[in-house]
Amino acid sequence: MPLLRWIGGKQHLVRRLLPFVPADYKKRCYREPFLGAASMFLALRPERAYLADANQHLIQCYEAVRDTHDRVSAYLRGHAAKDCSDHYYAVREAYNRRSPSAAQAARFLYLNRTCFNGVFRVNTRGQFNVPYGYKDHPIFPDRDVLATVSQALTNAELAAVDYQDSLAAGEPGDFFYLDPPYPPLNGTSYFTHYTKDRFDADDQRALAEWVWELDDRGCLFMMSNADTRMIRRLYRNFHVTRLPVIRYVTCKATKHRVGELVITNY
Ligand SMILES: C[S@@+](CC[C@H](N)C(=O)[O-])C[C@H]1O[C@@H](n2cnc3c(N)ncnc32)[C@H](O)[C@@H]1O
């Protein structure tokens, strides 16, 4: 069971993505700059890893799980037992007043499992403002899941930074898995509500320039992205494979049959 529900999370696809990972990845330094729910990292469990995301709430939660998973688990069990709309809004309010700790990580995990559609959204003051999801039987990560994630993260470095900082740090031979927010399918920005800022077409173009530079530096990269004309154009000189998938567009609860691209430079 994954630790988090996360928009754009690759849990459902990870088995189909693994064959694209370099066979010798364990000998390389692993870098994942758009970590989200960490599906690839948790499937690969590399020995040396640099993991980052612009979302500091997410990174603080991982740090607490890595360092204090037992306490996070105990607090989370307490929230799970009291789950209802009143409890949700009390926890949300407490979350927006507190700083990082095991209790705060448990609040983050509780909110993630019970909020509307697992969306992470903050207002202009950086406060989490997603309403209660009214799920009948929310499932919470148990002690074993938290212990497994904690163990996987033991030797990982975590940072709440923009992807450009993570890419700048790559050394020749390092392996990057890049899973940026996807461009909108048809003019709406379904997949861009992760942080206060959006990830728009200009960001996709800037990312592509960085990726070209990574390639020049001798790093290996594998990217997941949407199958759109713009993305194909930006990465036309690399190896591009289409994976047919059904994507759930959560804000309209509609299913879309779309293509995902896997792009590599090896
Ligand atoms: C498609 S999700 C990654 C999903 C992840 N691979 C998984 O399996 O759950 C994209 C992630 O990029 C992060 N992000 C958005 N803009 C960013 C930026 N400028 N720099 C770094 N991370 C960013 C979001 O917070 C989000 O977690």
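**Overall build**

Reply: There are nine helices and seven strands in the protein, where helices (H or I, at least four residues) and strands (E, at least two) are DSSP runs numbered from the N terminus. This is a predicted model, in which local features need pLDDT of at least 70, side-chain atom pairs count only at pLDDT 80 or more, and totals for chains, interfaces and linings use all residues. Residues are numbered from 1 along each chain as its sequence is written.

Me: What share of the 266 residues in the protein is buried?

Reply: A residue is buried if 20 or more other C-beta atoms lie within 10 Å of its own, exposed if 12 or fewer, and partly exposed in between, with C-beta atoms placed from the backbone. Of the 266 residues in the protein, the buried ones make up 35%.

Me: Is Pro-33 buried or exposed?

Reply: Pro-33 lies in the loop between strand E1 (30-32) and helix H2 (39-44). Because 26 other C-beta atoms are found within 10 Å of it, Pro-33 is buried.

Me: Which residues is Pro-33 in contact with, leaving aside its neighbours within four places in sequence?

Reply: Two residues are in contact if their C-beta atoms, placed from the backbone, lie within 7 Å. With the neighbours within four places in sequence left aside, the partners of Pro-33 are Ala-52, Tyr-163, Ser-166, Leu-167 and Leu-178.

Me: Is Arg-45 buried or partly exposed?

Reply: Arg-45 sits in the loop between H2 and strand E2 (49-52), and it has a positive phi of about 45° although it is not a glycine. Since 14 other C-beta atoms lie within 10 Å, Arg-45 is partly exposed.

Me: Is Ala-38 buried or exposed?

Reply: Ala-38 is placed in the loop between E1 and H2, and it has a positive phi of about 60° although it is not a glycine. Because it has 25 C-beta neighbours inside 10 Å, Ala-38 counts as buried.

Me: Is H3 roughly parallel or roughly perpendicular to H5?

Reply: Helix H3 (residues 56-81) and helix H5 (residues 102-114) pack with their axes 6 Å apart, at an angle of about 85°. Axes are lines fitted to C-alpha atoms, for helices over the stretch in contact, and angles run from 0 to 180 degrees between N-to-C directions. Angles under 35 degrees count as roughly parallel, over 145 as roughly antiparallel, 65 to 115 as roughly perpendicular and the rest as oblique. The angle therefore makes H3, relative to H5, roughly perpendicular.
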